[in-house]
Amino acid sequence: MSEASVAVHADAELLAQAVAARLVVKLLDAQAARGQASVVLTGGRIAAAVYRAVAALPARDAVDWSRVDVWWGDERFLPGGDPDRNETQARAALLDAVPLDPARVHPMPASDGPAGPDPEEAAARYAAELAAAARPGTAALPHFDVLMLGVGEDGHVASVFPEHPVHYESRPVSAVRGSPKPPPVRTTLTLPAINTAEEVWLVASGADKARAVGMSLAGAGPVQLPAAGVRGVGRTLWLLDRAAAADVPARLRSLR
Ligand SMILES: O=C(O)[C@H](O)[C@@H](O)[C@H](O)[C@H](O)COP(=O)(O)O
């Protein structure tokens with residue numbers, strides 16, 4: 001597992017632009033190496049700003065979007081097309097603007113979808129979809145080149161919240177009930193599943209994230225602060241604006 005590294009940008013706008021540029025390069029590099037690329041998306045305001053910035057980058061056309069697999073790290077368990085679904089937000093900000101292969105776009109099930117209104121069934125279906133994309137004879141998950149996460153003020157990532165029973169779920173995808181952030185019912189990759197990604201990028205902006213970011217990087221426990229339990233296989237990268245980086249331990253502030 002990788003040590004965390006930190007990159008700090010002046011403000012939220014520059015952060016979004018820089019993450020967008022990194023993402024385009026990451027997808028290009030993965031396609032050069034493997035012939036395809038896979039990305040795991042997240043929800044939230046800074047993620048939406050990153051997606052809009054990718055859509056606005058001329059270099060996005062260098063990516064062969066028909067060979068990009070798109071997965072989600074978590075989803076709000078709401079009807080298809082609901083504006084609060086992470087899927088709806090990602091489609092509006094980026095996915096509708098690039099020539100993806102619809103068969104390679106893998107949203108988590110909606111509450112009115114074929115999995116029905118049961119989030120446990122939705123989680124099981126998503127786990128099966130992931131397993132179907134895994135390389136034969138390997139783990140239950142496909143290769144993820146890059147997995148992006150927002151970070152909550154309470155240190156949650158995806159829909160893994162502090163002290164929530166989801167921490168004790170051994171399957172890769174879990175239903176979440178009683179989320180402290182609305183809506184209360186969600187589906188999420190668990191931390192062990194998140195940590196199979198080659199690179200994990202934690203993206204956070206704003207002073208209200210400083211405490212959670214600082215404590216995560218200072219070695220807090222993952223049950224209390226889920227972001228502290230995130231480690232990419234090859235790289236764990238915290239991408240922050242200055243306000244979110246205010247409490248980052250000095251020894252980690254090498255990249256700016
Ligand atoms: O489903 C969700 O609610 C999001 O996936 C959530 O985990 C988000 O990423 C963080 O709360 C950060 O969101 P902001 O960037 O809006 O602060």
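The model is predicted, with residues numbered from 1 along each chain as its sequence is written. Local features need pLDDT of at least 70, side-chain atom pairs count only at pLDDT 80 or more, totals for chains, interfaces and linings use all residues, and side-chain values use heavy atoms, without hydrogens and water.

**Whole chain.** Show the cartoon. It has six helices and ten strands (DSSP runs: H or I of at least four residues, E of at least two, numbered from the N terminus). The C-alpha atoms fill a box of roughly 50 × 40 × 35 Å along the principal axes. Switch to burial: 55% of the 256 residues are buried (under 20% relative accessible area, 1.4 Å probe, protein chains only).

A cavity is a set of points on a 1 Å grid over the protein atoms alone where a 1.4 Å probe fits but cannot get out; lining residues have an atom within 4 Å of a point. Volume is the space filled by probe spheres set on the points, joined across faces, edges and corners. Select Leu 23, Leu 27, Val 39, Leu 41, Trp 65, Val 70, Leu 94 and Leu 95: they line the largest cavity. Helix 1 (12-34) and strand 2 (37-41) are the elements giving two or more of its lining residues. The space is about 50 Å³.

**Second largest cavity.** Now select Thr 42, Ile 46, Ala 47, Val 50, Met 148, Leu 149, Gly 150 and Val 203, its lining. Helix 2 (45-56) and strand 6 (146-150) each supply at least two. The volume is about 40 Å³.

Conventions: On a 1 Å grid over the protein atoms alone, a cavity is a set of points where a 1.4 Å probe fits but cannot get out, and a pocket is an open set with protein on both sides within 12 Å along at least five of seven lines; lining residues have an atom within 4 Å of a point. Buried means under 20% relative accessible area, exposed over 50%, partly exposed in between (1.4 Å probe, protein chains only).
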